[in-house]
Amino acid sequence: MATATNYIGQPTSRVDGTAKVTGAAKYAAEYNVPDLTYGYVVSSEIAKGKITKLDTREALAIPGVLQIFTHENRPNLAWFDSSYKDDIAPPGSPFRPLYDAEVKYSGQPIALVVAEEFEVARYAASLVRVEYAPKPHETDLNEKREEAYEPPKKRSGIPPPAKPRGDAERAFDNAAVQHEAEYRHAIEHHNPMEMHASTVVWEGNGKITVYDKTQGAQNSQGYVAGIFGFKQDDVRVISSYIGGAFGSGLRPQYQLFLAVLAARELKRSVRVTLTRQQMFTFGYRPDTIQRLALGATADGTLEAFMHDALANTSQFEDFQEDDVNWSGLLYKCANTKFTYKLAQLDLYTPIDMRAPGGATGMYAIEAAMDELAYKTGVDPIELRLKNYSEKDQNKDKPYSSKELRECYRQAAEKFGWSKRTSEPRSMRDGKELVGWGMATGIWEAFQQKASAKATLGLDGKLEVGSATTDIGTGTYTIMTQIAAETLGIPIDDVTFKLGDSTLPTSPVEGGSWTASSIGSAVKVVCDAVGEKLFKIAQEMDGYSFADVDYKDVAFSQGKLRLKRDASHAVPIVDVMRYGKINAIEEEATSSPNYLKQNGYSSYAHSAVFVEVKVDEELGMIRVTRAVNAVAGGRILNPKTARSQVLGGVVWGISMALHEETYTDHNLGRFMNHNLAEYHVPVNADIHDIEVIFVEEHDEIVNPIGAKGLGEIGIVGTAAAVANAVYHATGKRVRDLPITIDKLL
Amino acid sequence: MNNFSYTRASDVGNAVAEIAADNHAKFIAGGTNLIDLMKENVVRPTRLVDITRLPLNEITENDDGGLRLGALCTNADTAYNEQIERRYPLLSSAILAGASPQLRNMATDGGNLLQRTRCYYFYDTATPCNKREPGTGCSAINGFNRIHAILGTSDECIATHPSDMCVALAALEAVVQVTGKNGERVIPFADFHRLPGDTPHIDNNLKPDEIITAIDLPKQGFAENYTYLKLRDRASYAFALVSVAAALDMDGDTIKEARIALGGVAHKPWRNAEAEAMLNNQSATSENFQKVAEAIIRDAKGFGHNTFKIGLAKRAIVRALAQAAAGKPQPIAEKKIL
Ligand SMILES: Cc1cc2nc3c(=O)[nH]c(=O)nc-3n(C[C@H](O)[C@H](O)[C@H](O)COP(=O)(O)OP(=O)(O)OC[C@H]3O[C@@H](n4cnc5c(N)ncnc54)[C@H](O)[C@@H]3O)c2cc1C
Ligand code: SF4
């Protein structure tokens with residue numbers, strides 16, 4: 001390792017911060033090109049059935065309207081499902097916009113009006129007359145329990161339920177203490193600030209450049225090329241900045257399809273931006289009903305753990321997430337049984353939302369553990385420590401590192417847990433009942449194969465790039481830090497490029513794997529540059545680099561140095577001049593080291609403690625304090641890391657108390673499709689949140705030792721809030737969000 | 001959004017003439033409600049008559065000792081006006097309990113009275129709604145009705161009037177000054193908004209050719225014993241599930257007069273004079289408050305998702321009366337309830 005810690009681990013402000021706050025950062029719908037045209041989407045008003053008539057005459061007659069694309073005039077496109085499958089597609093037959101007259105869900109795009117002006121397109125869209133022959137629909141998961149099935153094809157990357165261990169049913173029946181209950185959470189929509197948009201620039205030579213809101217520029221590129229018959233190289237996708245996505249940009253969304261379709265047909269540049277209402281017409285966190293059955297001895301030792309999840313999917317794809325495996329990682333138990341089933345509703349396919357499966361599965365697990373704590377009379381932390389698992393029982397592997405005990409300890413101490421009286425309704429403050437609750441969080445530390453390139457110039461400036469994206473997590477910043485540190489170059493002389501399909505291959509940004517995967521690639525490629533420099537330096541007179549190996553040198557302050565004698569140093573620009581090279585260019589790929597990693601399971605952990613105060617008569621809940629202690633391996637940048645966890649905690653509070661997409665099952669339609677009625681917390685709802693990073697060293701997880709922090713902050717938080725509400729009120733609300741009506 | 005023409009009214013007479021000339025014309029003030037409705041195709045005016053330049057943006061003294069709010073005063077300017085804060089703090093806190101600072105900076109007092117319901121279905125042209133399109137049916141009655149009315153509903157519509165400001169104005173017994181083709185007239189606040197009955201598409205008794213010029217506040221401001229208690233799903237920027245404007249005229253521990261107006265429960269700010277009178281010359285005890293609350297809510301009817309509002313409204317009335325009697329009004333944007 002040729003590094004001396006200068007930048008990694010420092011609380012570095014975002015390198016893209018200035019661009020963002022000054023408006024210099026451009027988002028997909030902000031690229032203006034000459035002769036741009038505008039598309040406006042017409043959405044289905046019914047949930048299921050057939051379009052019997054689509055009359056566009058009135059709309060087409062509006063001056064400025066160029067064309068209206070519908071299933072009736074859509075050009076022939078790729079035939080096979082495989083062309084429509086993006087990198088993240090679950091098993092099934094992906095939705096094809098404007099495919100035929102069939103309506104599969106309410107809000108489905110059924111026409112695109114393209115005009116010279118946005119306002120004209122929007123007006124004309126209101127004049128498209130549609131008639132339907134509706135069919136009966138079903139959007140209520142409860143009504144489909146009987147038709148639930150185990151997904152026959154597993155979604156890649158999502159572990160199916162672990163095999164049963166022992167005999168869970170019998171152990172449960174014989175257990176001294178039993179707890180069995182059903183937990184549920186509402187459908188949630190991602191609602192990033194920036195609406196999904198694509199600006200397709202018609203380059204005129206058979207090529208297009210697409211500014212797309214996506215978490216994977218190359219994923220969108222492959223999708224577009226495959227469906228519209230472009231050569232891969234003729235489609236360039238750029239997503240330099242993203243106004244939040246949270247998973248909603250993992251798959252290409254229909255605005256991209258429609259914008260490319262229109263551009264190709266009209267041979268013009270086209271922009272399609274969705275409205276806030278239309279942000280409710282694609283993926284969401286699925287409705288999930290979870291049954292937990294826990295059996296324990298009188299002292300709280302787990303004897304049986306059963307977890308059955310039933311989640312909704314669409315009629316055309318089997319979306320899957322991992323709700324049920326977490327207890328196998330956290331709690332020692334000899335008899336377990338986990339099942340995961342789906343039921344098809346007349347809705348669009350769900351899509352991953354921050355900590356998919358973890359935020360939801362762990363809510364149910366940790367709420368159930370709290371109930372067990374009350375049934376056994378064991379303190380909630382005690383109960384978790386008693387059943388603490390030193391290995392991943394699902395895979396029978398040790399952990400590469402696991403400082404969860406320390407998370408419990410540090411968070412409990414900071415929070416003052418020892419002063420808690422466990423009896424519900426036993427703590428109060430005037431008219432308010434006070435509740436203290438806690439829960440565990442866990443999230444997998446993934447590493448994916450990723451590539452990066454680096455160019456070091458004679459001016460000492462370094463440019464590094466990879467096709468990944470920065471959805472607001474701080475990717476630009478930490479990659480810049482890693483590169484600056486690896487080659488010892490002042491951080492201001494390092495530029496990191498991302499969000500461009502022409503850059504070296506990267507997976508979509510998701511799963512909290514970006515820091516570890518792209519970070520490793522950046523490190524590897526910078527080391528490749530470093531080795532090149534080193535090789536030249538070995539030939540330089542007057543220096544004694546010839547006698548040592550690369551591992552014996554380090555880079556700092558623009559110089560290559562001997563580790564044992566840092567004063568023995570040569571400026572890297574001198575090395576380049578000596579070697580008569582203007583630039584060093586390297587490209588490298590970093591893959592998980594399976595040999596090293598395969599024997600281990602790697603997870604980030606957390607312990608979340610929450611205080612709520614509940615007005616006893618009126619049921620108004622406020623979260624007055626939260627402490628979240630996270631063990632996430634090496635913290636690359638405490639500032640961006642803290643922001644990630646803070647945001648996660650806020651979202652966890654939101655999930656517990658506020659967030660819910662209302663479905664009208666008569667109409668099969670989401671009804672609160674705007675930010676006035678879809679509630680996320682406002683500042684006044686959020687009080688003290690303390691984030692603690694517990695020290696954790698992990699040499700196995702990946703070359704940079706970081707586990708990823710994008711998602712762990714939300715996992716556990718909702719359960720901690722729900723458990724605190726129970727402690728305050730004595731009322732166990734098992735469906736989220738816990739709103740005033742459920743508490744009264 | 002449809003095509004429309006735009007004119008700027010030069011004076012009140014001109015504004016009335018413009019609106020009377022076109023059945024599909026609309027006044028535009030702050031635009032915070034109208035523009036949203038236009039974007040959603042719920043309202044499709046052919047002509048917008050901009051009234052924001054009319055000289056109706058002052059707060060002045062009336063001869064009877066009360067205050068006159070020009071219809072174009074912004075909600076923010078009204079709430080932070082020194083006289084309003086001092087003499088009508090109930091109005092001030094009700095306004096500040098609503099919307100967000102940005103919206104209140106744009107929203108006008110006249111527009112606030114005329115804002116439309118937040119019923120989800122009303123806002124979504126893909127769904128049947130008697131208020132938006134008479135005769136199509138009410139999707140909310142058998143649909144998702146968590147935010148809907150429990151009092152004064154009809155088989156045609158169960159929407160609520162969403163304003164906070166109006167709840168305070170109802171309690172203060174404000175008077176609305178309007179001018180139309182046939183001259184000026186006044187509308188007592190209680191008669192301004194309507195119940196849905198079988199004409200849910202008509203929210204209020206303002207005639208299509210009339211403009212609101214001012215809102216008069218009577219002299220009595222209940223500045224000592226008042227509260228605006230708003231219960232909602234988050235601490236700010238959410239409409240009321242239930243809100244209570246309570247104003248008491250007290251003599252020691254004895255209540256001389258009580259005004260109780262409810263928001264979030266009906267098609268208009270809800271008052272029940274008979275029930276309020278039960279508190280006259282009574283002492284301020286929670287027992288008495290309980291009785292009044294029962295009486296006000298007696299005829300309430302839930303529709304499923306909103307049934308919780310019945311119990312919640314009762315408790316809210318009791319708490320609000322206690323706050324008012326104690327001279328401890330609910331602080332704005334404080335989730336902790338006093
Ligand atoms: C997201 C959101 C949250 C909100 N939250 C709240 C809340 O919590 N509580 C609350 O009380 N309100 C809330 N509001 C509503 C807000 O208070 C109203 O939109 C505002 O008061 C309307 O005033 P305006 O001047 O913008 O009206 P406009 O939108 O300009 O007009 C509204 C209507 O009134 C008519 N009109 C306006 N002025 C006159 C006049 N002088 N004479 C005759 N007709 C007139 C217009 O023709 C139009 O039909 C919220 C609004 C939004 C968008
Ligand atoms: S409650 Fe009124 S506004 Fe809402 S759907 Fe029914 S008729 Fe329309």
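## Helix α12 of chain B

Helix α12(B) (residues 308-326) has 19 residues, which at 1.5 Å a residue should span 27 Å, and its end C-alpha atoms are 27 Å apart, in agreement. The expected span is 1.5 Å times one less than the number of residues. Helices (H or I, at least four residues) and strands (E, at least two) are DSSP runs numbered from the N terminus.

This is a predicted model: local features need pLDDT of at least 70, side-chain atom pairs count only at pLDDT 80 or more, and totals for chains, interfaces and linings use all residues. Residues are numbered from 1 along each chain as its sequence is written, with chains lettered from A and ligands numbered from 1 in the order in which they are written.

Of the 19 residues of α12(B), 15 are buried (20 or more other C-beta atoms within 10 Å of the residue's own, C-beta atoms being placed from the backbone).

## Helix α11 of chain A

The twelve residues of α11(A) (residues 404-415) should span 16 Å at 1.5 Å a residue, and the end C-alpha atoms are 16 Å apart, which agrees. Its buried residues include Leu404(A), Tyr408(A) and Phe415(A). Just after α11(A), Gly416(A) takes a positive phi of about 85°.

## Strand β5 of chain B

In β5(B) (residues 67-70), Leu67(B) and Leu69(B) on one side and Arg68(B) and Gly70(B) on the other are all buried. In a regular strand, side chains alternate between the two faces of the sheet.

β5(B) pairs antiparallel with β4(B) (residues 59-61) over three bridges (pairing requires at least two DSSP bridges between strands). Ile59(B) stands opposite Leu69(B). Five residues separate β4(B) and β5(B) in a hairpin, where Gly65(B) in the turn has a positive phi of about 90°. β5(B) also pairs antiparallel with β8(B) (residues 211-217) over four bridges, where Ile215(B) is the bridge partner of Leu69(B).

Conventions:
Buried ≥ 20, exposed ≤ 12 C-beta atoms within 10 Å, placed from the backbone.
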